[in-house]
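Hi everyone, thanks for coming. Let me put a structure up on the screen, and then we'll walk through it together.

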Protein chains: 2
Amino acid sequence: MAGRSNNSLKLLGMFASPFALRVKLALSFKGLSYEYLEEKDLHRNKSELLLKSNPVHKKVPVLIHDGKPVCESMIIVQYLDEAFAGVGPSLLPSDPHERAIARFRAAYIDEKLFSSWMMVFRGKTDEEKAEGTRQSFAVAATLEGALRECSQGKPFFGGDSVGYVDVALGGFVAWVHAIEKLYGLKVFDAAQTPLLAAWLERFGALDAAKAVMPDIEKLVELARMTRQAQAAAAAAAQGN
Amino acid sequence: MAGRSNNSLKLLGMFASPFALRVKLALSFKGLSYEYLEEKDLHRNKSELLLKSNPVHKKVPVLIHDGKPVCESMIIVQYLDEAFAGVGPSLLPSDPHERAIARFRAAYIDEKLFSSWMMVFRGKTDEEKAEGTRQSFAVAATLEGALRECSQGKPFFGGDSVGYVDVALGGFVAWVHAIEKLYGLKVFDAAQTPLLAAWLERFGALDAAKAVMPDIEKLVELARMTRQAQAAAAAAAQGN
């Protein structure tokens with residue numbers, strides 16, 4: 001965008017956050033440079049800058065542009081598309097109805113995908129975990145249908161190139177692989193949801209995606225440490 | 001918008017839905033005419049048109065424009081703003097950062113306001129209900145701060161005229177009054193949140209809002225009937 005410097009972009013993130021990854025992906029696809037600031041301890045010691053920049057939710061990601069913060073991952077992605085309209089590809093389509101469909105699908109991913117996985121991760125009973133698995137396959141089936149319908153034989157939700165929905169789902173790509181390693185569960189299974197499984201590989205192979213993807217082993221390690229800490233806390237609580 | 005007919009707009013709604021009301025408000029503020037179709041029994045008998053138009057969530061509101069459905073209230077409001085860009089006032093501001101702030105506030109209302117009220121309505125214990133009341137006042141305090149900051153002495157979240165956030169919150173105006181009648185609870189209290197209480201009156205007095213607001217007595221009656229039906233179902237379940 002003429003006269004607008006990208007040097008003033010800062011991103012507050014955390015390496016394992018799928019929501020921060022969405023913003024990294026959008027920045028990468030649009031070819032925007034930025035300063036990245038890692039939140040090292042979101043549980044016990046959030047940075048002053050995070051608390052000041054996102055006082056309502058106190059969560060990553062936060063994008064700071066020319067000193068002004070923008071919060072919530074998909075709101076940031078839309079902001080980047082609008083504030084840097086002339087820079088790199090547009091992530092949202094130009095047609096109003098197609099934009100509405102893209103926003104609907106991204107909202108569906110936000111509302112359903114992560115919560116179904118959390119039931120698998122954090123379900124207190126076997127029934128809850130099984131219900132989480134059932135729901136995560138149902139969500140995958142809906143996304144398979146969306147991919148079939150909206151891409152019409154094209155490689156991405158956005159058509160020939162990645163768009164808004166690809167970024168929304170792309171934030172979870174590394175976690176899909178980590179979940180398989182942790183639980184032996186292929187949430188985007190090639191037999192049940194072949195288009196989605198192919199999308200997973202295709203998206204992950206993009207140079208602009210590879211440039212910002214977290215190391216899957218580190219996600220696995222983080223999840224195991226979190227699990228151990230929770231088990232220890234539960235044991236300590238029972239001891240009281 | 002040149003060459004675009006508004007006669008092809010249909011809205012599937014339900015009179016008590018705050019989400020359907022948002023779309024009615026946006027249509028009213030933009031001066032768009034439409035055919036309204038009331039869903040008469042969302043619990044037991046959804047219309048074929050609703051099931052076909054919103055197969056993922058099966059919920060109102062759905063806007064159908066030239067035969068193409070758009071779902072989710074704030075996605076519909078954005079769609080109306082984009083598809084009828086030249087018709088009536090713009091609801092989202094033109095500046096990208098102000099747009100992001102408006103989207104953030106609308107998302108906050110979606111995520112926090114309704115859920116806190118549902119705890120008051122449907123809380124199973126007195127503690128849960130008290131927590132709901134506490135949360136609903138905390139949400140109101142955050143909105144009070146947003147109104148102070150973004151309107152800067154102006155009457156609406158959108159400034160001198162209503163905008164995207166006013167529509168997001170406006171969907172709940174009739175329910176704020178109904179909750180007071182049902183529970184004696186002023187969720188937008190003039191002593192604690194004076195700007196928000198003044199906004200409530202000012203918004204409700206707009207001709208374009210009055211034209212689409214539901215009858216508060218009917219909301220009260222619906223809530224009482226729902227409560228009686230739930231109590232009867234709970235008693236029957238205990239009897240089994």
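How many Å separate the centres of domain 1 of chain A and domain 2 of chain A, taken over C-alpha atoms? The answer is 21 Å. Please keep in mind as we go that this is a predicted model.

Let me show you where those two domains lie. In chain A, domain 1 covers 9-83 and domain 2 covers 96-217. Where they touch, domain 1 of chain A puts in 16 residues and domain 2 of chain A puts in 22 residues.

Now, the size of an interface is often given as the accessible area lost when the parts come together. For these two domains of chain A, that comes to about 1600 Å², with 70% of it on carbon and sulfur atoms. On the domain 1 side, A:L21, A:R22 and A:F29 together supply 34% of the area buried against domain 2, more than any other three residues.

Look again at A:R22, please. The interface between the domains has 1 salt bridge, and A:R22 forms a salt bridge with A:D110, where the closest N and O atoms are 2.7 Å apart. Which elements give two or more residues to the domain 1 side? They are α1 (18-30) and α3 of chain A. The largest share, 9 residues, comes from α1(A). Sorted by class, that side has 11 nonpolar, 2 polar and 3 charged residues.

Let's stay with α3 of chain A for a moment, residues 73-83. Is this helix mostly covered or mostly open? Mostly covered: 11 of its 11 residues are buried. Among them are A:M74, A:Y79 and A:E82.

A:E82 takes us over to the other chain, as it forms a salt bridge with B:R99, the closest N and O atoms being 2.8 Å apart. The interface of chain B and chain A has 4 salt bridges, along with 8 residue pairs in polar contact. On the chain B side, β4 (68-71), α3 (73-83) and α4 (96-122) each give two or more residues, and α4(B) gives the most, with 10 residues. By class, that side has 12 nonpolar, 5 polar and 7 charged residues.

To finish with the chains, 24 residues of chain B are in contact with 24 residues of chain A. Between them they bury about 2200 Å², and carbon and sulfur atoms give 67% of that. B:H97, B:R103 and B:F104 supply 27% of the area that chain B buries against chain A, more than any other three residues.

Conventions
Residues numbered from 1 in each chain as written. Chains lettered and ligands numbered in written order. Predicted model: local features only at pLDDT ≥ 70, side-chain atom pairs only at ≥ 80, totals over all residues. Heavy atoms only, no water. Buried < 20%, exposed > 50% of the residue type's maximum accessible area, 1.4 Å probe, protein only. Helix = DSSP H or I, 4+ residues; strand = E, 2+ residues; numbered from the N terminus. Domains from an automatic or database assignment. Contact = heavy atoms within 4.5 Å. Buried area = accessible area lost by both parts, 1.4 Å probe. Salt bridge = Lys/Arg side-chain N within 4 Å of Asp/Glu carboxyl O. Nonpolar A, V, L, I, M, F, W, Y, C, P; charged D, E, K, R; others polar. Polar contact = N/O pair within 3.5 Å; in protein donor to acceptor, adjacent residues only side chain to side chain.
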